[in-house]
Amino acid sequence: MTGVVLALAAVSFLLVTIFSSGYSAFWRTEIALTIEFDPKLMKVEPDATFDQLQQVNYLALFRKNLERAFPEVTARADRRELAQMFSESAPDLLREMVLADPGLVGARQVVSVLASSSVDMITKGNAPRDIDEARRVISDQQLRWLDRFDESGLLGSRFNSDFFTSGPSRSPELAGLGGAIAGSALLLLVTLLLSFPVGVAAAVYLEEYAPQNRLSEIIEVNINNLAAVPSIIFGLLGLAVVLNFFGLPRGTPLVGGIVLSLMTLPTIIIASRAALKAVPPSIRDGALAMGASPMQVMFHHVLPLAMPGMLTGTIIGLAQALGETAPLLMIGMFAFVADIPGSILDQASALPVQIYLWAESSERGYVELTAAAIMVILVFLVAMNLLAVLLRKKFERRW
Amino acid sequence: MNEKKVTNPALEVSDMQAYQDVAGEVAVEDARVSCRDVRVYYGDKQALFGINLDLGSNAVTALIGPSGCGKSTFLRCINRMNDTIPNCRVEGNIRLDNQDINDPNSDVVELRARVGMVFQKPNPFPKSIYDNVAYGPRIHALAESKDHLDSIVETALKKAGLWKEVADRLNSPGTGLSGGQQQRLCIARAISVQPEVILMDEPCSALDPIATARIEELIDELSENFTIAIVTHSMQQAARVSQRTAYFHLGNLIEVGDTEQIFTNPQQQLTEDYITGRFG
Ligand SMILES: Nc1ncnc2c1ncn2[C@@H]1O[C@H](COP(=O)(O)OP(=O)(O)O)[C@@H](O)[C@H]1O
Ligand SMILES: [Mg+2]
């Protein structure tokens with residue numbers, strides 16, 4: 001009883017900690033700036049072609065606009081500090097706007113520019129502001145500018161949808177989980193396609209056809225042992241066999257999926273065998289007595305009845321695979337891949353690996369990202385387990 | 001059933017052995033199934049010691065005897081369900097319409113289409129009522145069209161006396177029916193492929209008296225068209241539904257004869273002890 005209470009308390013403490021430090025990552029601070037798309041600053045004619053607009057130095061355009069907005073800031077160092085309050089993605093934002101609508105050239109428009117990670121932390125209260133300048137993430141001067149923005153109502157915040165779509169980045173305010181989510185999805189796809197058919201086939205063989213001899217006994221014991229092997233061993237196996245011997249491409253979802261399949265197989269086999277055992281013998285007898293062949297009994301009666309249990313085991317196995325990190329590190333799925341992987345042969349990252357990489361990063365901006373990524377992976381895990389429970393409930397009740 | 005003391009030393013299971021003399025005539029004139037010297041072994045353990053027995057065409061033969069005497073084992077020989085039990089070995093000669101069913105050339109699938117079985121506990125498939133009955137015709141490819149299949153299902157359900165109760169819910173699960181209805185569904189499933197013989201292993205032991213009476217009536221009707229062998233623990237049931245009764249004891253057939261004669265004038269002491277309820 002006390003044990004349960006303690007465990008529940010520990011879990012809720014964990015969840016509260018993660019949630020309180022992670023939820024802010026779903027919002028980003030923005031600063032509204034009036035940008036003048038002055039052809040002179042852009043060094044183009046007002047009727048410039050698309051190609052010419054692509055050549056424009058948007059960094060310069062952004063800097064010049066800042067200088068106009070803050071004419072009193074003249075020293076080089078001060079200007080740099082000012083620019084550093086904004087995300088380094090600002091020039092890209094301007095470029096996108098102009099290329100999407102060339103009519104902007106010559107116009108002026110209020111643009112919400114993403115604040116830099118340090119400013120973001122101060123506005124959200126993730127980093128302390130009322131401390132010594134040396135220990136604060138932004139300087140006194142930047143803090144004054146920030147307060148000025150705030151007073152003029154230029155500070156805003158928006159939902160951070162980029163978090164779910166963009167890849168990792170060296171700037172925390174730009175980094176997202178999109179690449180890791182895609183990588184994990186591809187990984188699970190490979191794992192599912194490999195381990196489900198093999199696991200079910202192995203379970204059917206062991207449960208229904210294997211002769212009762214020493215060999216099947218040894219196989220049985222070892223499948224149960226396999227479930228207890230530390231995952232890093234599977235990673236080593238993948239490194240030695242899949243990468244070095246078969247020469248499959250390093251750090252790809254294909255290789256990761258193969259390794260995770262090995263880990264998932266015991267779970268699927270054990271669950272599938274239990275599901276097969278649970279099919280009442282009277283149903284088999286009834287079908288056999290009707291003249292069904294053993295094959296027909298299998299496919300018409302036993303497999304359909306065992307399928308919900310097999311699927312439940314598979315989902316739980318996949319949920320385990322989703323959280324697995326060590327074997328993926330072994331086979332090189334930790335590379336910084338800015339692109340979102342499109343196929344199982346692309347270099348990719350995965351959710352838990354991304355969490356690990358962010359967690360060990362020294363930049364403080366990644367703290368909230370780490371917690372937010374943990375929230376995302378927890379949501380996926382809960383959803384998968386819920387699906388498994390629902391599946392079991394639904395088919396239990398039906399007949 | 002309340003436990004009864006074992007009074008006869010011959011009842012010790014360790015004494016299982018072949019008896020020599022069978023009272024009554026094992027052969028009948030119009031035999032559909034004819035068994036000679038049937039011996040069954042479960043591994044090293046022998047369960048049947050040379051059974052000779054005929055099942056007459058379109059007649060009901062009741063198999064009675066104390067638990068563990070081999071009635072089910074004998075029944076399973078006739079549709080070769082013993083083949084599905086590992087370590088089980090059947091010897092001897094069993095003929096269906098004068099064909100050896102254990103002949104290496106004979107097809108067990110065809111045999112089971114000709115010899116249907118109804119089990120002790122109703123075991124409808126976890127499928128719809130319709131699919132339960134249509135399963136046999138489907139796997140044996142008996143129906144030429146959907147309409148034909150519909151009519152096969154309807155006929156079987158009518159013969160099993162279930163049609164009126166389920167006609168309007170053929171697509172609901174067979175497992176949702178009451179116990180008695182489930183057992184009649186299993187009978188409909190068995191007769192859907194028009195077998196010659198139906199084997200029933202204590203078909204009423206899981207049912208209440210009303211459902212039991214319903215099945216007994218049904219067995220009577222079915223005996224016009226089918227050869228039936230029924231295992232039962234109820235003397236009254238054997239007396240009500242069967243024309244011939246065979247008494248099994250510890251793996252041996254002790255006595256066989258007209259049902260009336262067996263119950264009024266048994267020839268063997270063991271038979272008399274059993275039907276008078278001295279053990280059971
Ligand atoms: N699958 C089996 N494996 C081993 N022994 C069995 C098996 N089925 C039945 N037996 C044995 O064979 C004998 C006859 O059993 P059974 O035919 O089920 O008797 P009954 O149906 O008359 O009660 C019993 O001694 C029983 O223990
Ligand atoms: Mg029995």
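**Ligand 1 and the cysteines of chain B**

A nitrogen atom of ligand 1 lies 3.4 Å from an N or O atom in the side chain of B:Y42. The protein covers 66% of the 560 Å² of accessible area that ligand 1 has on its own. The model is predicted, and its chains together hold zero disulfides.

Polar contacts of ligand 1

- The backbone of B:G70 places a polar atom 3.0 Å from an oxygen atom of ligand 1.
- A polar backbone atom of B:C69 is 3.3 Å from an oxygen atom of ligand 1.

Shell around ligand 1

- The residues around ligand 1 include B:K45, B:A47, B:S67 and B:G68, as well as B:K71, B:S72, B:T73, B:R76 and B:I85.
- By class, the shell splits into four nonpolar, five polar and three charged residues.
- Two elements of chain B, β2 (45–56) and α1 (71–78), each contribute at least two residues to this shell.
- α1(B) gives the largest share of the shell, four residues.

- A disulfide requires the two sulfur atoms to be within 2.5 Å.
- B:C77 is buried, at 2% relative accessible area.
- B:C88 is also buried, with a relative accessible area of 16%, which is under the 20% limit for that label.

Terms used
Residues are numbered from 1 along each chain as its sequence is written. Chains are lettered from A and ligands numbered from 1 in the order in which they are written. This is a predicted model: local features need pLDDT of at least 70, side-chain atom pairs count only at pLDDT 80 or more; totals for chains, interfaces and linings use all residues. Side-chain values use heavy atoms; hydrogens and water are left out. Buried means under 20% relative accessible area, exposed over 50%, partly exposed in between (1.4 Å probe, protein chains only). A residue is near a molecule or strand if one of its heavy atoms lies within 4 Å of it. A polar contact is a pair of N or O atoms within 3.5 Å; within protein, one must be able to donate a hydrogen and the other to accept it, and residues adjacent in sequence count only if both atoms are side-chain atoms. Accessible areas come from the Shrake-Rupley method with a 1.4 Å probe; for residues, only the protein chains shown count as cover. Ala, Val, Leu, Ile, Met, Phe, Trp, Tyr, Cys and Pro count as nonpolar, Asp, Glu, Lys and Arg as charged, and the others, Gly among them, as polar.
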